[in-house]
Amino acid sequence: MRRYIARRVLWGVALLFICSAVIFVIFYAFPSADPATLRAGRAATPEQIERIRHSLGLDEPIYTQFWLYMKNLVLHFDLGFSYQSNVPVTTLILDRLPATAFLVVGAAILWLAVGIPVGIVSAVRPRSLLDRTTMVTTLALISAPVFWLGLVALYLFADDVGQLLPIFPGIGSYIEANTFLAKAESLILPWIVLAAASAAIYARYMRSSLIDTMSEDYIRTARAKGLSERRVVMRHGVRSAVTPIVTLLGLDIGTLLAGNAILTETVFNIPGVGRLVATSIERADLPVIQGVVLFGAFFIITFNLIVDIAYAYLDPRVRYE
Amino acid sequence: MSLLEVSDLHVHFDTDDGVVQAVDQVSFGIASGETLGIVGESGCGKSVANMTILGLTRGPRTTIAGRVMFEGADLLQMGGEELRQVRGNEIAMIFQDPLSSLHPFFSIGDQITESIRTHRDVSRANARARAIELLGMVGVPEPRRRVDDYPHEFSGGMRQRAMIAMALANDPKLLIADEPTTALDVTTQAQILSLLQDLQDRLGMAVILITHDLGVVAENADRVLVMYAGRIVEDGAIDQIFYDPGHPYTWGLLGSLPSLDLHPHDRLPQIAGLPPSLLAPPQGCHFRERCPHAFDRCLQVPPLEARLPDSPAHRDRCWLSAEQKRELRVADGRIGLRERKSPAS
């Protein structure tokens, strides 16, 4: 077991190194715009641009640049400075991360709490009225774009513009919230909006996974042993059916932390990592974009690692590979 | 007096393609301590009939009719909760593939203990001690250590032993073994069968042994049911089935057993044609379309009854007279199905 984890961690580190190299090549070797020109601003003379190019080290060969970038990253946890604000990239990202993490973790708890039970109930009675209703509802939720769902939620429930039940804090309330509780309250609508599609996807996934599992031979054995149907489903069925969900969850949390919550963050004006990426792309702020992408890779790799380890705990067959 | 008496059992599945008549007019009984072999090819309804005994085929699209009397109660009339008390307790079942039939995420010990604690009010520790004892009884070496192993850490034969241990956990009166050795290699197969025999002698339970292998039945069963396309076509003691078979399908099965006097280049005899679709089984005798001896009367369903003189316990479903049967079942000097001359009408 320990060897298994050690192997996975080493592999994760190697993967991260490869990712940084690829990201570096994409952003520095094939830049969409010349960073020095961007940095210099409008009406800069060619000499000024050259000076900036030199001071940023952009006139060095690419391997030297990469070496310096990696050295600063590994030794000083330094991802460079924003072209726009001169603030260290790591500071920018770490400032934004708590909001994103709060948003994502809360939403994940919500979609698991809703999606898994709904999936189980639908799987136990496939084709029933309840099953059909939930499956149509989930399809609608999956099809609804987040930005649209967010606006609808605000239009109906936000305490400033809400038309139906104006009880939840609306746009920008997260920035004004100071206490943990106030922040949590301001995230209620974003949580629901971000969780909606995932809850629907998880419900469908859980349903089909459990339906598959329920036709396994060992489920027949469990029934032949005289176990109650409840125990057959919950202990023998769900136990197996939930393992693929773990994979999905790891990937989803990883990508959302990496900036995939961008739409929700934009609609509700939550100062998270997604918003940071959006503004950095608008301004071609390369070091920030690169830093966020690298952070994203880190989260995705880390959560994959967690998934692998969780798998070993869930499935005894993995432990002895 | 029978331990289990199945009468006129019908099991129909409503599928998108139509109604599958998986089990049709099946009646048989089994006495305490007896071993009943049920033989037939895949899809003949032998597993479905037995799973129905335990209510395992119940579902919104299944229609079940008939009676299954066990110790004075009709299992088909029992509600889920009542039937649960019988399953794994008085009637236990083991299945074909022990790897897929055991839950991959729980240890062998867990699975046996669960079976015990479902029906008996015993402590975890006592149930575990019993699980170890059971594993020892079915011949798993070092049961104290192996009780915590997972199914994938057992070999095929050991897994089936563990399955048997689990089935025997509550001293069942009847054990239904659904092709228990099909997924195992031949040596392991023999060991498992002799283990079953041995346990049966010691514990005095009745065993229904479902198989497609006549050889397995010959060595282990007291009585044999031959099933074809959802119906029992012949029911008799082991000697009657092997030496005085009454139904042409049984002749075909016996004739297709490999024999040592076959020449190296001879083709293995087989029954021409395929079993009928149970979505639309043929009128009358289900074997009619493959039978070289079919005649007009075969358009009516022959009842399962004693048809050979002096053996009332030997029943079959074939309209041919006893004399005709004894003459026609000889093909190339041994029992077998003759080749068809012209297509049956």
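**Figure 1. Packing of helix 10 against helix 13 in chain A of the predicted model.** Helix 10 (residues 188-214) and helix 13 (residues 243-260) of chain A pack at an angle of about 160°, with their axes 10 Å apart; here axes are lines fitted to C-alpha atoms, for helices over the stretch in contact, and angles run from 0 to 180 degrees between N-to-C directions. Helices (H or I, at least four residues) and strands (E, at least two) are DSSP runs, numbered from the N terminus. Helix 10 and helix 13 of chain A are therefore roughly antiparallel to each other, on a scale where angles under 35 degrees count as roughly parallel, over 145 as roughly antiparallel, 65 to 115 as roughly perpendicular and the rest as oblique. The crossing of helix 10 and helix 13 of chain A is right-handed, a crossing being left-handed if the near helix is turned anticlockwise from the far one by less than a right angle, and right-handed if clockwise. Helix 10 of chain A contributes A:Ser198, A:Tyr202, A:Tyr205, A:Met206 and A:Ser209 to this contact, and helix 13 of chain A contributes A:Pro244, A:Ile245, A:Leu248 and A:Asp252, where two residues are in contact if their C-beta atoms, placed from the backbone, lie within 7 Å. By class, the residues of the contact between helix 10 and helix 13 of chain A are six nonpolar, two polar and one charged (Ala, Val, Leu, Ile, Met, Phe, Trp, Tyr, Cys and Pro count as nonpolar, Asp, Glu, Lys and Arg as charged, and the others, Gly among them, as polar). Because the model is predicted, local features need pLDDT of at least 70 and side-chain atom pairs count only at pLDDT 80 or more, while totals for chains, interfaces and linings use all residues. Residues are numbered from 1 along each chain as its sequence is written, and chains are lettered from A and ligands numbered from 1 in the order in which they are written.

**Figure 2. Crossing of helix 5 and helix 16 in chain A.** The axes of helix 5 (residues 89-124) and helix 16 of chain A come within 9 Å and cross at roughly 55°, and these two helices of chain A are therefore oblique to each other. The crossing of helix 5 and helix 16 of chain A is right-handed. On the side of helix 5 of chain A, A:Val89, A:Thr90, A:Leu92 and A:Ile93 meet A:Pro287, A:Val288, A:Gly291, A:Val292 and A:Phe295 of helix 16 of chain A. The contact of helix 5 with helix 16 of chain A has seven nonpolar, two polar and no charged residues.

Figure 3. Leaving aside neighbours within four places in sequence, A:Ile300 is in contact with A:Gly254, A:Thr255 and A:Ala258. The C-alpha atoms of A:Ile300 and A:Gly250 are separated by 7.8 Å, although these residues are 50 residues apart along the chain.

**Figure 4. Positive phi at A:Arg127 and at A:Asn269.** A:Arg127, which is not a glycine, has a positive phi of about 70° and is found in the loop between helix 5 and helix 6 (129-143) of chain A. With 11 C-beta neighbours inside 10 Å, A:Arg127 counts as exposed. A:Asn269, also not a glycine, has a positive phi of about 55° and lies in the loop between helix 14 (262-268) and helix 15 (273-282) of chain A. With 15 C-beta neighbours inside 10 Å, A:Asn269 counts as partly exposed.

**Figure 5. The contact between chain A and chain B.** The contact takes 18 residues from chain A and 23 residues from chain B. Helix 11 (217-224), helix 12 (229-241) and helix 17 (316-319) of chain A each supply at least two residues of the side of chain A that touches chain B, and helix 11 of chain A gives the most, with six residues. The side of chain A that touches chain B divides into four nonpolar, five polar and nine charged residues.

Note on methods. A residue is buried if 20 or more other C-beta atoms lie within 10 Å of its own, exposed if 12 or fewer, and partly exposed in between; C-beta atoms are placed from the backbone.
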